[in-house]
Every structure is written in C-alpha cells, then in structure tokens.
Amino acid sequence: MAARASAKLTARLAPGETLGDRVLRVDHAGEHGAVCVYRAQRRLARWTAPDLLSEIDEYIAHEMRHRALFAAELARRGQPRCLSYPVCATLGTLLGTLTGLLGRHAISATTVAIERVVLILTDILAEEQEHHDRSAAHLPGGHFQKLLDTGVAAATEAVIWIGMRR
C-alpha cells in the first residue's frame with residue numbers, strides 16, 4: 001500500500017471515511033491488480049516460462065485470498081471498492097501480458113518490484129515476502145532487470161498514490 005519511506009502520501013478523505021478505510025480500499029484494488037498480473041503471466045508462461053507455472057498458480061491463490069480478505073473487511077465496514085479497482089485490473093493485465101511474453105526473468109522481476117513496494121498486513125506478509133524472495137532467486141541481474149524493476153515499482157507507487165488521493 002504505502003510507497004517508499006521518502007514518498008509522501010496524502011489522502012482526501014470523504015466525510016465519515018477513515019484513513020483505515022482508504023488504505024483497505026487501495027490494498028483491495030492492489031490485490032485485484034496482482035491477481036490480474038499473475039493470471040495474464042500464467043496464460044503466456046505456458047510457452048515462455050513453463051517451469052514457473054506452479055509458482056504462479058500459488059501466487060494467484062494467495063492474491064485471491066488476500067483480495068477476499070480485504071473485500072470482506074470492506075463489506076463489514078460498508079465501504080465501496082476503490083475507484084482505482086478497474087485501473088488496477090487493466091494495468092495489471094497489460095503488465096502481466098507484456099512480462100509474460102518476455103519470459104521467466106521479466107515475470108520474476110515484476111513480482112520482485114511489486115512486492116517490494118506494497119505495504120501489507122501481518123497476515124499477508126509471509127506470503128508476499130515469499131513471492132518476492134522466490135522470484136528474486138530467478139533473476140540474473142543486469143540492465144534490463146534494473147529498467148523493468150524501476151518501471152514496475154514506479155507504476156505500482158503511482159497506482160497507490162492515485163488511489164490514496166482519489
């Protein structure tokens with residue numbers, strides 16, 4: 001949810017909305033985006049990175065559970081989805097398709113960049129850290145990885161910033 005420590009987030013809260021409500025909505029949208037990234041990557045990984053299929057399937061299951069946890073809490077609070085929910089779906093699908101086409105290293109670098117940026121609840125932390133660490137182990141390093149990492153991290157931070165500002 002929150003970006004790097006140096007980034008300043010400000011939220012324009014609606015009457016009766018708490019910062020916690022906003023954070024939940026943005027996290028829910030982000031988890032939906034992650035599901036879309038992994039699903040799109042999986043469709044293409046059958047050809048470009050078949051050795052990652054079981055890992056991606058695991059990530060999809062985790063992210064769907066995370067999304068459901070946030071959705072349940074939003075429902076309990078009577079809060080709507082974040083306005084960035086469809087944006088996260090569209091951009092997540094686009095990112096997953098692009099990186100799925102590029103193969104194993106792009107898929108792994110995307111996961112590392114996203115999981116490094118997001119702020120997560122304690123319940124979800126272990127799974128998100130596992131996604132990051134397992135994907136980082138697949139990376140050879142290099143200029144392309146750094147470029148992809150910078151771009152994906154910036155896009156993730158931008159979506160969070162937009163969601164928090166509404």
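Predicted model: local features only at pLDDT ≥ 70, side-chain atom pairs only at ≥ 80, totals over all residues.

User: What makes up the chain, and in which order do the elements run?

Analyst: The protein chain has six helices and zero strands. Starting at the N terminus, the elements go α-α-α-α-α-α. Of its 166 residues, 46% count as buried. Also, take the contacts between residues at least 6 apart in sequence: 82% of these join residues at least 24 apart.

User: Why is His32 called buried?

Analyst: The cut-off for buried is under 20% relative accessible area. His32 has 13%, so it counts as buried. You'll find His32 in helix α1, which covers residues 19–48. Leaving out residues up to four places away in sequence, His32 touches Arg67, Tyr85 and Ala89.

User: And what makes His131 buried?

Analyst: Same test as before. The relative accessibility of His131 is 0%, so it counts as buried. His131 sits in helix α5, residues 122–136.

User: Which residues does His131 touch?

Analyst: Not counting residues up to four places away in sequence, they are Tyr38, Tyr59, His62, Glu63, Thr111 and Glu115. Take Glu115: it is 16 residues from His131 along the chain, and their C-alpha atoms are separated by 7.3 Å.

User: How do you know that the length of α6 agrees with what a helix should have?

Analyst: Count 1.5 Å a residue. The 23 residues of α6 should then span 33 Å, and the end C-alpha atoms are 33 Å apart, so the two agree.

User: Which residues of α6 are buried?

Analyst: Among them are Leu148, Val152, Thr156, Val159, Ile160, Gly163 and Met164. Met164 has a relative accessible area of 4%, which is why it counts as buried. The C-alpha atoms of Met164 and Asp27 are 10.0 Å apart, although 137 residues separate the two along the chain.

User: How do you know that the buried residues of α3 line one face of the helix?

Analyst: First, the list: Tyr85, Cys88, Ala89, Gly92, Gly96, Thr99 and Gly100 are the buried residues of α3. Look down the axis of α3 and they fall within an arc of 120 degrees, so they line one face. The face turned away from that buried side carries the exposed residues Thr90, Leu94 and Leu101.

User: What do the buried residues of α3 pack against?

Analyst: They pack against α1, α2 (53–77), α4 (104–117) and α6 (143–165). As for α3 itself, it runs over residues 85–102 and has 18 residues. It reaches 26 Å from its first C-alpha to its last, close to the 26 Å expected at 1.5 Å a residue. Just after α3 comes Gly103, with a positive phi of about 100 degrees.

User: Why are α3 and α6 called roughly antiparallel?

Analyst: The axes of α3 and α6 cross at roughly 170 degrees and come within 12 Å. Angles over 145 degrees count as roughly antiparallel, so that is the name this pair gets. On the α3 side the contact is made by Cys88, Leu91, Leu95, Thr99 and Leu102, and on the α6 side by Phe144, Leu148, Val152 and Val159.

User: Then what makes α3 oblique to α4?

Analyst: Here the angle is about 140 degrees, with the axes 5 Å apart. Angles between 115 and 145 degrees belong to neither the roughly perpendicular nor the roughly antiparallel group, so α3 and α4 are oblique. α3 passes α4 in a right-handed crossing. Where they meet, α3 brings Leu95, Thr99, Gly100 and Leu102, and α4 brings Arg104, Ala106, Ile107, Thr110 and Ile114.

User: Why are α1 and α6 called oblique to each other?

Analyst: They pack at an angle of about 140 degrees, with their axes 9 Å apart. Roughly antiparallel needs an angle over 145, so α1 and α6 are oblique. Their crossing is right-handed. The contact is made by Leu19, Arg22, Val23 and Val26 of α1 together with Ile160, Gly163, Met164 and Arg165 of α6.

Note on methods:
Residues numbered from 1 in each chain as written. Heavy atoms only, no water. Helix = DSSP H or I, 4+ residues; strand = E, 2+ residues; numbered from the N terminus. Buried < 20%, exposed > 50% of the residue type's maximum accessible area, 1.4 Å probe, protein only. Contact = heavy atoms within 4.5 Å. Expected span 1.5 Å × (residues − 1). Arc of directions from axis to C-beta. Axes fitted to C-alpha atoms, helices over the stretch in contact; angles between N-to-C directions. Parallel < 35°, antiparallel > 145°, perpendicular 65-115°, else oblique. Left-handed = near helix turned anticlockwise from the far one by under 90°.
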